[in-house]
Amino acid sequence: MNQNHSPLELERFLPYRLSILSNQVSQAIADEYQDQFSLAMTEWRVMAVLARFEPLSAREVAEHTAMDKVAVSRALSKLVQAGRVDRERHSEDRRRSVLHLSEEGWRIHNIVAPLAREHEKELLAALEPAEIRTLTRILDKLSPV
């Protein structure tokens with residue numbers, strides 16, 4: 001090995017480890033709703049944010065999800081086309097769209113959300129209650145959201 005290089009030890013690099021863990025956990029949940037509802041991970045995240053904070057603009061959805069605006073826009077287009085999200089004009093600013101879950105969106109949300117909660121419960125079962133509290137405090141400190 002050339003002495004002028006210092007490779008990053010990815011297996012010890014926190015952003016990499018968090019990314020891998022996030023992908024593994026998210027994919028485990030996604031496998032269920034993708035098969036059942038043909039719902040992509042980004043689409044589910046948009047639906048979950050709308051369920052929690054609706055009504056929102058597309059920009060606000062992107063802010064809440066910390067996802068790229070283009071990815072949010074694509075997900076929203078698919079969700080609107082599938083009848084899972086309703087898009088309306090803002091009552092005071094006609095240039096602005098307001099988004100919220102449709103009845104079909106809520107139906108799907110009310111099936112997928114308990115699945116997501118169950119996956120979270122299974123994941124956290126590996127930790128002691130004190131470890132869960134510590135993890136929550138650490139995530140709250142590190143998370144910009």
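**View 1. Helices α1 and α2.** The axes of α1 and α2 come within 10 Å and cross at roughly 90°, where axes are lines fitted to C-alpha atoms, for helices over the stretch in contact, and angles run from 0 to 180 degrees between N-to-C directions. The two helices α1 and α2 are therefore roughly perpendicular to each other; angles of 65 to 115 degrees count as roughly perpendicular, under 35 as roughly parallel, over 145 as roughly antiparallel and the rest as oblique. On the α1 side the contact is made by Ser22, Ser26, Gln27, Ala30, Tyr33 and Gln34, and on the α2 side by Met41, Trp44 and Arg45, contact meaning heavy atoms within 4.5 Å. The residues of this contact of α1 with α2 divide into four nonpolar, four polar and one charged (Ala, Val, Leu, Ile, Met, Phe, Trp, Tyr, Cys and Pro count as nonpolar, Asp, Glu, Lys and Arg as charged, and the others, Gly among them, as polar). Helices (H or I, at least four residues) are DSSP runs, numbered from the N terminus.

The model is predicted, so local features need pLDDT of at least 70 and side-chain atom pairs count only at pLDDT 80 or more, whereas totals for chains, interfaces and linings use all residues. Residues are numbered from 1 along each chain as its sequence is written, and side-chain values use heavy atoms, with hydrogens and water left out.

**View 2. Helices α1 and α5.** Helix α1 (residues 14-37) packs against helix α5 (residues 103-124) at an angle of about 150°, with their axes 10 Å apart. The pair α1 and α5 is therefore roughly antiparallel. Residues of α1 including Val25, Ile29, Tyr33 and Phe37 meet residues of α5 including Ile108, Ile111, Leu115 and Leu123. By class, the contact of α1 with α5 has 11 nonpolar, two polar and two charged residues.

**View 3. Helices α2 and α5.** The axes of helix α2 (residues 41-53) and α5 come within 10 Å and cross at roughly 100°. That angle makes α2 roughly perpendicular to α5. Trp44, Met47, Ala48 and Ala51 of α2 meet Gly105, Trp106, Ile108, His109, Val112 and Ala113 of α5, and the residues of this contact divide into eight nonpolar, two polar and no charged.

**View 4. The largest pocket.** The largest pocket has a volume of about 1,600 Å³, a volume being the space filled by probe spheres set on grid points that are joined across faces, edges and corners. On a 1 Å grid over the protein atoms alone, with a 1.4 Å probe, a pocket is an open set of points with protein on both sides within 12 Å along at least five of seven lines, and lining residues have an atom within 4 Å of a point. The lining of the largest pocket has 33 residues, of which Ser22, Val25, Ser26, Arg45 and Leu139 lie nearest its centre. Helix α1 gives the most to this lining, with eight residues.

**View 5. Two loops.** Pro55 has its place in the loop between α2 and α3, and the peptide bond from Glu54 to Pro55 is cis, with omega near -5°. Ser38 has its place in the loop between α1 and α2, and phi of Ser38 is near 50°, a positive value in a residue other than glycine.
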